[in-house]
Amino acid sequence: MANPNADTNIFLPLPKMGEMLSILIPTYNCACNQLVAELSRQADALRIVYEIVVVDDASTDADIVQKNSQIAAMPNCRFVRLDEKIDIAKMRNRLQQEAKYQWILCLDADVFPADADFLKRYIDA
């Protein structure tokens, strides 16, 4: 006989795509503060668990490195600076190693969402 007090819902649903999202951005001599700020705004509006990880590929422009280093002060964001330049395949692997979450979105540093629903459309796809 089944226990009437037993919890029949022992299997929790898996998170939907995008509920835990790592947004990964490689950069080299490209300021991406505005991109990160916009992605943060959109992710916050969607109320998802997210992180944004920017990895700098040993940029040589000190002004850009200084600007990008401010990303680390933004909520849910990390900035990692490499000492030596690596090729793009190694960079993508490094970004994935830095990611906390299963779902990832890789964006180049020189792009910007065309509209305010970019992340919503990505998650809903």
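What follows is a set of questions and answers on how some labels for this predicted model are reached.

Me: What makes the order of elements in the chain β-α-β-α-β-α-β-α?

Reply: The chain has four helices and four strands, and read from the N terminus they run β-α-β-α-β-α-β-α.

Me: How do you know that strand 2 and strand 3 pair?

Reply: Pairing requires at least two bridges between the strands. Strand 2 (residues 49-56) and strand 3 (residues 77-81) have five, in the parallel sense, so the label applies. One of the bridges joins Asp56 to Arg81 of strand 3.

Me: Why are the buried residues of helix 2 said to line one face?

Reply: The buried residues in helix 2 include Ile64, Val65 and Asn68. Viewed down the helix axis, the buried residues fall within an arc of 100°, so they line one face of helix 2. An α-helix has 3.6 residues a turn, so residues three or four places apart point the same way. Among the elements covering the buried residues of helix 2 are strand 1 (20-27), helix 1 (33-46), strand 2 and strand 3.

Me: What does the face of helix 2 turned away from its buried side carry?

Reply: That face carries Ala62 and Asp63, which are exposed; the label requires over 50% relative accessible area.

Me: Why is Asp61 said to cap the N-terminal end of helix 2?

Reply: A side-chain oxygen of Asp61 lies 3.0 Å from the backbone nitrogen of Asp63. The limit for a polar contact is 3.5 Å, so the distance qualifies.

Me: Why is Arg47 called exposed?

Reply: Its relative accessible area is 77%, and exposed means over 50%, so Arg47 qualifies. Arg47 sits in the loop between helix 1 and strand 2 and has a positive phi of about 55° although it is not a glycine.

Me: Why is Asn76 called partly exposed?

Reply: Asn76 has a relative accessible area of 40%. Buried means under 20% and exposed over 50%, so 40% falls in between. Asn76 is in the loop between helix 2 and strand 3, and its phi is near 65°, a positive value in a residue other than glycine.

Key. Residues are numbered from 1 along each chain as its sequence is written. This is a predicted model: local features need pLDDT of at least 70, side-chain atom pairs count only at pLDDT 80 or more; totals for chains, interfaces and linings use all residues. Side-chain values use heavy atoms; hydrogens and water are left out. Helices (H or I, at least four residues) and strands (E, at least two) are DSSP runs, numbered from the N terminus. Buried means under 20% relative accessible area, exposed over 50%, partly exposed in between (1.4 Å probe, protein chains only). The arc is that of the directions from the helix axis to the C-beta atoms. Contact means heavy atoms within 4.5 Å. A polar contact is a pair of N or O atoms within 3.5 Å; within protein, one must be able to donate a hydrogen and the other to accept it, and residues adjacent in sequence count only if both atoms are side-chain atoms.
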